[in-house]
Amino acid sequence: IMSEELETTIHTKDGMRVSVSEWDDGGVWLYLSMRHGDARAIFTREEAQQLLAGLQNILAKGAAV
């Protein structure tokens, strides 16, 4: 059984590339690429949900201003 890998890439106005994709059993691979280096992080599904909740809280606060 073949499945398509999900991936999203964002290019920021500051020239950074941020990519997220599937990792192993429901996890998430986060990749940041910038001019002088790069960074990677692997999140479990639960950790990725915590990150998403944090981003949503920050964006909701900004929308309320």
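Predicted model: local features only at pLDDT ≥ 70, side-chain atom pairs only at ≥ 80, totals over all residues.
Student: What makes the pair Trp23 and Trp29 stacked?

Tutor: The ring centres of Trp23 and Trp29 are 4.9 Å apart and their planes stand at 25°. Centres within 6.5 Å make a pair, and planes under 30 degrees apart count as stacked, so Trp23 and Trp29 are a stacked pair.

Student: How many aromatic pairs does the structure hold?

Tutor: There is one aromatic pair.

Student: Is Trp23 buried or exposed, or in between?

Tutor: Trp23 has 33% relative accessibility. Buried means under 20% and exposed means over 50%, so Trp23 counts as partly exposed.

Student: Why is Trp29 called partly exposed?

Tutor: The value for Trp29 is 21% relative accessibility. Buried would need a value under 20%, so Trp29 counts as partly exposed.

Student: How do you know that Arg40 and Asp38 meet in a salt bridge?

Tutor: The distance between their side chains is 3.3 Å, N to O. The cut-off is a nitrogen of Lys or Arg within 4 Å of a carboxyl oxygen of Asp or Glu, and Arg40 and Asp38 meet in a salt bridge on that basis. A search of the whole structure finds one salt bridge.

Student: Why does Asp38 count as partly exposed?

Tutor: Asp38 has 38% relative accessibility.

Student: Which residues line the largest pocket?

Tutor: Among them are Val20, Gly26, Phe43, Arg45 and Gln49. The space in this pocket is about 290 Å³.

Student: What classes of residue does the lining of the largest pocket have?

Tutor: It has eight nonpolar, two polar and one charged residues. Arg45 is part of this lining, and Arg counts as charged. Gly26 is part of it too, and Gly counts as polar.

Student: What is the volume of the second largest pocket, and what lines it?

Tutor: The volume of the second largest pocket is about 150 Å³. Its lining includes Leu6, Glu7, Trp23, Asp24 and Val28. β1 (7-11), β2 (17-23) and β3 each give two or more residues, and the largest share, four residues, comes from β2.

Student: How do the residues of that lining divide?

Tutor: The lining of the second largest pocket divides into four nonpolar, four polar and three charged residues. Glu7, Glu22 and Asp24 are in the lining, and Glu and Asp count as charged.

Key:
Residues numbered from 1 in each chain as written. Heavy atoms only, no water. 1 Å grid on protein atoms, 1.4 Å probe; cavity = no way out; pocket = protein on both sides within 12 Å on 5 of 7 lines; lining within 4 Å. Points joined across faces, edges and corners; volume = space filled by probe spheres on them. Phe/Tyr/Trp six-rings, centres within 6.5 Å; stacked < 30°, edge-to-face > 60°. Buried < 20%, exposed > 50% of the residue type's maximum accessible area, 1.4 Å probe, protein only.
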